[in-house]
Amino acid sequence: MREETIFPIDIDYIVINDKVTIRIFGQTLSGERRLFYDDSFRPYCYILANKNELIDHLSKFDFVTGIEEVEKSYLGRKILVSKVYTKLPEDVPKLKNIGFKVYDADIPFYKRYILDKGISTFSKIKVRLDGDYIKEIVSIEEGNPILNAIAFDIEVFSKRPFPDVKKDPIVIISLFNDKFKKIITWLNVYGDGIEKVNDERELLLKFADLITQYNPDVIVGYNSDNFDFPYINERAEILGVSLKFNGFGIKIKGTRKVAEINGKMHVDIFNFIRNIYAIYNLRTEVLDLNSVSSEMLGEKKDDFEWNKIDDIMVDRDLALKFCNYCLKDSMLTFRIYNKVLDLMVGINKYIGQSLQDVSRMTTGAVVENFLMKKFIEKNEVIPNKPSDFEVNERLKKVNIGAFVYQ
């Protein structure tokens with residue numbers, strides 16, 4: 001056994017030999033990136049019933065691995081509930097409709113771990129290790145990891161206002177931070193900071209290779225959840241390219257399109273601007289990159305004559321202009337990220353969770369996560385999300401509130 005101090009940059013879980021295992025992508029005090037595991041944490045929820053009532057009732061569920069009675073609180077009133085453990089995280093929601101009141105059943109497993117352990121991206125935790133496995137969290141305090149961030153942007157060759165991912169290729173990808181700038185392209189253009197490749201396939205592979213070499217903690221985009229990463233991912237599939245960023249691929253999750261790469265925090269800064277920052281800090285109601293950067297930074301995007309897009313394949317000067325246009329977008333994205341980083345960090349330290357999740361939260365989600373954190377501290381059970389029926393019933397009731405003057 002040995003002790004080590006780490007910052008948990010990213011947290012998810014995997015299943016190894018039918019056993020769920022938390023995976024922590026940690027940064028050591030020296031800035032080294034390391035992968036740690038915790039296989040001691042089990043999925044669970046609370047059921048308002050005593051153990052004897054549940055034993056027979058739950059015997060038909062082979063995914064239930066244990067039951068214990070615990071004392072909790074519900075709105076400050078002490079209650080006795082059964083803590084029911086399951087084999088896998090996806091088994092927990094199956095217990096919501098068994099005829100008893102169920103609590104804490106809608107919390108994603110990695111968030112459950114973060115809540116119960118009281119950690120976040122900005123926690124400095126001392127752990128006791130057996131190899132790479134965490135056997136005990138010895139202490140937790142607020143910390144400030146050195147987050148190495150890089151912004152990126154893509155440009156697509158398309159004659160349409162909205163590119164067709166099935167037909168329109170990516171021609172440029174740019175990367176920018178204060179110490180590094182790079183343009184990758186297969187256009188017929190050369191210059192400082194331009195990495196020339198032969199075709200789109202090489203372009204995508206070079207992008208993944210540069211990210212792997214640079215190995216940032218944070219990848220920043222503007223509308224990259226909805227456009228850049230899904231577009232890159234689908235073009236890679238069409239071209240038969242396997243993209244790996246330090247060993248992990250792009251995951252596009254949910255109908256609202258959340259793009260993730262294990263071990264890195266993907267911050268689509270557009271989400272944070274739209275959901276949190278713009279409400280009280282921006283005059284503009286148009287939240288495209290040009291409008292936001294113009295107000296926040298006093299700097300606009302470069303101009304480009306889109307009616308001449310066909311000519312980028314033959315006109316070297318126009319191709320160079322297009323490349324610099326793409327790089328400018330990355331630069332503006334990075335500077336907007338730096339402008340709001342302190343606010344994101346402050347919210348993160350206040351409510352917990354990961355910086356990546358905080359960057360996507362609405363004000364309602366910030367409040368919800370803050371309440372969950374406080375519920376854990378006060379040993380309160382956490383109500384589940386309302387069903388569609390409950391939502392509709394609530395909408396039938398009218399509550400007259402106060403006038404809010406901003």
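Residues are numbered from 1 along each chain as its sequence is written, and side-chain values use heavy atoms, with hydrogens and water left out. Because the model is predicted, local features need pLDDT of at least 70 and side-chain atom pairs count only at pLDDT 80 or more, whereas totals for chains, interfaces and linings use all residues.

Helices (H or I, at least four residues) and strands (E, at least two) are DSSP runs numbered from the N terminus, and two strands are taken to pair if DSSP finds at least two bridges between them. An open sheet of 6 strands, with mixed pairing, has the order S13-S12-S11-S10-S14-S17. Strand S13 (194-196) and strand S17 (265-268) stand at its edges, each with a single partner strand, so one side of each is left without a neighbour in the sheet. Neighbouring strands of this sheet are turned by 25° against each other on average, direction ignored, where axes are lines fitted to C-alpha atoms, for helices over the stretch in contact, and angles run from 0 to 180 degrees between N-to-C directions. Within the sheet, strand S11 (residues 170-177) runs antiparallel to strand S12 (residues 180-185) and is joined to it by 6 bridges; Asn 177 has Phe 180 of S12 as its bridge partner. Helix H3 (residues 200-214) packs on the sheet, touching strand S10 (149-156), S11, S12, S13 and strand S14 (218-221), and its direction makes about 15° with that of S11. Helix H5 (residues 269-281) also packs on the sheet, where H5 touches S14 and S17 and its direction makes about 50° with that of S17.

The axes of H5 and H7 come within 10 Å and cross at roughly 55°. The two helices are therefore oblique to each other, a class that holds the angles left over when those under 35 degrees count as roughly parallel, over 145 as roughly antiparallel and 65 to 115 as roughly perpendicular. To this contact (heavy atoms within 4.5 Å), H5 contributes Ile 269, Phe 272, Ile 273, Ile 276 and Tyr 277, while H7 contributes Thr 333, Ile 336, Tyr 337, Val 340, Leu 343, Met 344 and Ile 347.

A nonpolar core is a set of buried Ala, Val, Leu, Ile, Met, Phe, Trp, Tyr and Cys residues joined through side-chain atoms within 4.5 Å, buried meaning under 20% relative accessible area, exposed over 50% and partly exposed in between (1.4 Å probe, protein chains only). The largest such core has 55 residues, of which Ile 269, Ile 273, Ile 312, Phe 322, Tyr 337 and Met 344 touch the most other members. Elements giving two or more residues to this core include S10, S11, H5 and helix H7 (316-351), and H7 gives the most, with 18 residues. Leaving aside neighbours within four places in sequence, Met 344 is in contact with Val 267, Ile 269, Phe 272, Tyr 337, Leu 355, Val 358 and Ser 359. A second, separate core of 28 residues includes Val 165, Ala 208, Ile 232 and Ile 261.

Another open sheet, of 4 strands with antiparallel pairing, has the order S5-S6-S4-S7. Strand S4 (residues 44-47) and S7 pair over 2 bridges, and Tyr 46 stands opposite Tyr 103 in S7. Phe 41, in the loop between strand S3 (33-38) and S4, counts as buried at 10% relative accessibility.
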